[in-house]
Amino acid sequence: MSALWLRLLSICSPQVLEFWGTLVVQILFFWLPSLLYLSLPTLCPTFSSTHRLQPVTKLPTPSELRDCFRVVLRNQLISAIIHLSLISLSYLTGGKPVYDFSPSLPTVTKIFTDIFACLLLREVLFYYAHRLLHTPSLYTRIHKTHHRFTAPVALAAQYAHPLEHFLANTLPISIPPMALRCHVVTFWAFLALELLETSTVHSGYDFLGWARMHDEHHERFSVWYGSLGWLDWVHGTDGRGAKRVQKGGMG
């Protein structure tokens, strides 16, 4: 692994590695799992019907899935253009990469501790951004797009208004490893984990209990705004406090 990393550093600039490495992670840990989840009814119909959370009658139509694909692809293209623009600007102005590109790879312990810190920071950023998007004015103008799918599918994880995709999907994942100045390999591992998690919780299948909370959010709207659940517990949006939140706002 270290030899491969040294080889990549010798033939590619940090900017090139950051852009293309991030793109590869998106393909491997978002697009492939999402397409696999969408294929389950065809590939494994019995397994699919056993683990599906919501009835077939609520699933998206082929037309809705095509629209979902177009919107997700648009959002990822916009994110890629912004990413490439920022990397190019940093390169042209002589700025340092936002991630650590040192030749020595981080230890496994370092990777895990950094990812744990990133998960906590991401939860804070995502939870409050998500709660803000559920205020009446922002919900109607922006977040309602994402809630088009009351029975979500994996691709719908990034089915959103472009502004929401940037502020609530992209930034909460990007900011923590940048703030901690993580090694870029750690960032890729964290990104892979988050993409796999979001495609799974939107998949409509209850694997390891991951999807049930967010599936309930898409069904009821006023519960489970976070990913890890601890801020939902603090604010009473973990299902048990749903009635109180609906009446009292943020809680």
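These legends accompany close-up views of a predicted model.

The model is predicted: local features need pLDDT of at least 70, side-chain atom pairs count only at pLDDT 80 or more, and totals for chains, interfaces and linings use all residues. Residues are numbered from 1 along each chain as its sequence is written, and side-chain values use heavy atoms, with hydrogens and water left out.

**View 1. The chain as a whole holds 11 helices and zero strands.** Helices (H or I, at least four residues) and strands (E, at least two) are DSSP runs numbered from the N terminus. Along the sequence the pattern reads α-α-α-α-α-α-α-α-α-α-α. Of the 251 residues, 44% count as buried, where buried means under 20% relative accessible area, exposed over 50%, and partly exposed in between (1.4 Å probe, protein chains only). The chain exposes about 13100 Å², and carbon and sulfur atoms supply 70% of that area; areas come from the Shrake-Rupley method with a 1.4 Å probe. Among contacts in the chain with a separation of 6 or more, 73% join residues 24 or more positions apart, a contact being heavy atoms within 4.5 Å.

**View 2. Helix α5 (residues 108-133) packs with helix α7 (residues 162-179).** The angle is about 160 degrees and the axes lie 8 Å apart. α5 is therefore roughly antiparallel to α7, a term for angles over 145 degrees. Axes are lines fitted to C-alpha atoms, for helices over the stretch in contact, and angles run from 0 to 180 degrees between N-to-C directions. The crossing of α5 past α7 is right-handed, that is, the near helix is turned clockwise from the far one by less than a right angle.

**View 3. Side by side, α5 and α7 meet through residues of both helices.** From α5 come Cys118, Leu121, Arg122, Leu125, Phe126, Ala129 and Leu133. They meet Glu164, Ala168, Asn169, Pro172, Ile173, Ile175, Pro176 and Pro177 in α7. The residues of this contact divide into 12 nonpolar, one polar and two charged (nonpolar: Ala, Val, Leu, Ile, Met, Phe, Trp, Tyr, Cys and Pro; charged: Asp, Glu, Lys and Arg; polar: the others, Gly among them).

**View 4. Val16 is found in helix α2 (residues 14-43).** Val16 is partly exposed, with a relative accessible area of 37%. Ile87 is 71 residues apart from Val16 along the chain, and their C-alpha atoms are separated by 8.6 Å.

**View 5. Arg181 is found in the loop between α7 and α8 (184-201).** Phi of Arg181 is near 50 degrees, a positive value in a residue other than glycine. Arg181 is partly exposed, with a relative accessible area of 41%.

Definitions and conventions. Angles under 35 degrees count as roughly parallel, over 145 as roughly antiparallel, 65 to 115 as roughly perpendicular and the rest as oblique.
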